Amino acid sequence: MTNTLEGFTLDYQLKRVAFVNSASHYYSEIMLDNHLALFGDNNAGKTASLAALKLMLYPETDFTECFKKFKFQGKTGKYSTEDSYNFYFPCDQSFLIMEIESNNEASCIVLYRAKGYKYNRWFIPASYDEVRPLFFDEQSKKLSDDLSVAKLSAFAKQYKQSIEVTESKKLVELMYGNVGREDSRYCIVPLMENNKNAVNAFRNIFQMAFDSGSEAGESLAEAIATLIEMKHSRREEKLSADLSQLAQEYQSLVQRGEELVVLSNNHDAYNNLSKSMAVLDELETAISNEYAVLNKHFITQSESYSGNYAQINQEWLMVNKQIKDQQEQIRVLDSERSVVLGAISTISAGIEDNQRFINIAEQVMSEHNQTDAHSLQIELSKKLTALNEELAALDNEQATAGMLEGLIKEQNIKKNDLRRANGKSDNIDSLMLGRFSQNTSAVLASINKDFTDLSAELSDDAEQVLMDFADLFETKDGMLAIGGEVLANTPSLSYSLSEQKTKIDGDIKNITEQLTALDARIKAINVTLRDTSGESRRERIIEVSNQIETLKTQVEALKRHDIALMDIKSSTVKLKEKQAIVQERLDSIEAIKNDLVALEQSARAIGAKRNEIQNQNEQFEYYETELKRIRNTLEVKDVDVDALIDSGFNPTLNAATLRTLGGKLNKLIEVKADFMPRARLFIEAVPNERIDRFKELHRLSEVKAAISSYSTSFSTLQLQKNRQAIDISSHNRIVGSQLKEISDAHRILETSVRDINNELNGHKISNLEKVSLRLHLHSDFEHVYKLSQNYDLSQDKLMGSDFYQSLLSYVQKHANKRTGLLKMKDIIKNITFEYLDATGAVTDKPQSGGTTSTITASIISILLKRIFMVNTTFKMPIVIDEVAALDGTNTSMIVDCINEHGFSAFCATPLRSTVVCQAVGRWVTIDYNHVDPNVSLIWPGCVLRILPSSIGILGVKPEDASEHYDAEVFDTQEANNSTQAGLDESASVTTEALESGLVGNDNGSWRK
């Protein structure tokens, strides 16, 4: 941006920054218009408070790609988008406020939280004294009530010139050098140019205060590159050479020169091909005319024959198709019959198998006088299980004895069960549920089945209680329910006394039968145990094994009995259906065979007629074959046949005429065979942009068209040679001017760095005699630069390929991928420091942290002054982190340098230092400035409260110092030989007080 206000000075400054529920601050108000040192333990919030300036000074609106934008990082690495967003804007009541002053007009910029990791701004034309009540009550020292974005917006809208901004583009317009506009009061940083490059230069310079190692060198290199381009107002002095386009133009000229050589070398070959094309054209015309007339005669004469032949041939084809269709139907039907016969065989086998199981099952049921196969299966399965257990026990005498003991126990249990069952049967009329209604009995039986066997005597009142209780229940979907709620695990059961008696009688019968079986088994086992010879055991094992095999067969048959009955029934139906299908297929096959005999007779009659007509067409087939050969060999031209005949050209269609025409065609083929390979070789040897060299040309017309496309190239050959010479001369002139641009860029870089070095060494740093920036250029740029000094481009010949390869290599590595242009930053590889000590030794080894910080702060001051508009002053804080690492001389020197350039020093260090306090003059210890414990926090962790009254000022006693005080002693390394001394109420903070270890505390009290 060019400054047109010559003779005037525009003053800009950043006055203060305020934190509200942000970056660990409950509420803090920090002045920026003078030097300030922040003391506090690590992780107390010093660096985070300094880094917050980036949010306010950079034209960003969100935390996406956070590190790329702000480079927030700590000892553990880079901070993520989410971490940074939640640190600076943890809640909807989080705000960052900066007060600025443009030409004596105070304004405030308020940053507030938005959704999606975003934050927006209000630009308000009011001082912070007017804005403060929105956020903080000075009387109570607490945050204001109803702290919200809505309240902020309502306040801002009271001012006509307030602007809410949510887009980065608008921020760039407002914040950087918008002189002469109505909203110019919102200019924060008066940059020389209000564009992306200038903003990036400012960001890179400001970032240097936070960088270390190679990161600082990269930021410095990019900042200086942008600064150099900004400082030169003439467009031609900015490096933006499109070297890629020049290299492409060179390749185009080389290619065109090679093409002209090829054209010159093949001129005679082109002339010979043109003569052969004339002979081919003459033969093609003669053959095409005769073919057209003969073909018309053939069409006319063959039409009279083709109608009859087409009809009889259609009939012949149709009847043959019908025969094939009938034969296919017979094949399909027979195939289907075979498939069904296979199914019949499978069904019959299944019926036989099922019948075998039914016979076995019914024999067993007859033997056991049973009609229910399922019940008998269960009974026999139990016997089978018992026999398997007995067989296992018969392996040894001890196991057999154990089994006998178990059977006897089971026998006793069954006898007791029988006695209980007989008792129930004898006392059936005394069962308790028999005395209740059907509903009451059913409910009690559903709740607990033990009620069905209970014979308890109850009083009338007790019985009435049970009946009332049962009336509370109902049945829903087969389940018991109470109060409308279904009891999910209690099904509703029915109960009647007669059914209970029947059940008990059945139980008696079953137990009796089980006792009989147990008696038999016990007797058999006793016999086995008494026989010491073991013969009875062996006989018993054989007997049990045979019984097991028999029972297995019987149980399996009973298991399948009912299913087998159903299967036989359904299979019988299926069998009859399949047999019917087989008979239907046989009947259909017989009927189709009868029809086939008639069709074959008809086909023989039609075929005889077809052969008769076909013999008449043999002559026309010969004509057609010959004419087709001509048509396929020759690319026949369009001809007006009627005009030819009218002109008297009317050859007769016969075999002799066609043989003569065939001779002419053979001559054409001979000439074509000589022409085609020569033409293809010519096309391959001579490039032509109108010909696709990867497409194979087979047709004569394609090759002739390709050769004809060279006509212009050969007729203008000399003119093209003259034009090539002119283009080479023009190209060399352009290359020369571009290489001069590279040379000028080299000179500007060296001059600019030299000027910065001169200004940098205006102050002595530490024990160094001189500190210099050392410029490192990309090696490939150095190579291109040397080429630009050595080549003579006044000649009319192209330079060698190595010259352009060097250009291309450099461009491919450093040019903008989209535009292909080069910028000044593409030349600089890096910038390092070079040091000259008192002994005269020069080194580039890193210096101490204090020396490096001093140099960095000095360079920041120098560079910032260079990017601002002419005739402007801009006071902003320059960040110096870890300032305590500097010695006293460097601390004073760095503050003086920053002050000399019109900036304020904004320092941070964990340890309170006398040297820092003396050099900076204003300080605050973060650790002592926390909100009172009885204050309710809006966001946990936001506890810092730094007010203007918290600032310690050299030579000034805080206004609210308490009557009784003591001063905190400085770190002993910083305050050498400090002594303890008391101060009276009127004591002020002086240099002597600092040196003796007495300072004003940050909250207004005094401490030693």
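These legends describe close-up views of a predicted model of one protein chain. Local features need pLDDT of at least 70 and side-chain atom pairs count only at pLDDT 80 or more, whereas totals for chains, interfaces and linings use all residues. Residues are numbered from 1 along each chain as its sequence is written, and side-chain values use heavy atoms, with hydrogens and water left out.

**View 1. The largest nonpolar core has 129 residues.** Such a core is a set of buried Ala, Val, Leu, Ile, Met, Phe, Trp, Tyr and Cys residues joined through side-chain atoms within 4.5 Å, where buried means under 20% relative accessible area, exposed over 50% and partly exposed in between, with a 1.4 Å probe and protein chains only. L55, L57, F63, Y88, F202, L864 and M876 touch the most other members, and helix α22 (residues 717–760) gives the most to this core, with nine residues. Helices are DSSP runs of H or I with at least four residues, numbered from the N terminus.

**View 2. The surroundings of L57.** Not counting residues up to four places away in sequence, L57 is in contact (heavy atoms within 4.5 Å) with partners including L14, M98, F202 and M876.

**View 3. Helix α12 spans residues 397–426.** From first C-alpha to last, the 30 residues of α12 reach 43 Å, close to the 44 Å expected at 1.5 Å a residue, the expected span being 1.5 Å times one less than the number of residues. Among the buried residues of α12 are M403, L407, Q411, K414 and L418.

**View 4. Residue F469 in helix α14 (residues 460–471).** F469 is partly exposed, with a relative accessible area of 36%.

How values were computed:
Helices (H or I, at least four residues) and strands (E, at least two) are DSSP runs, numbered from the N terminus.
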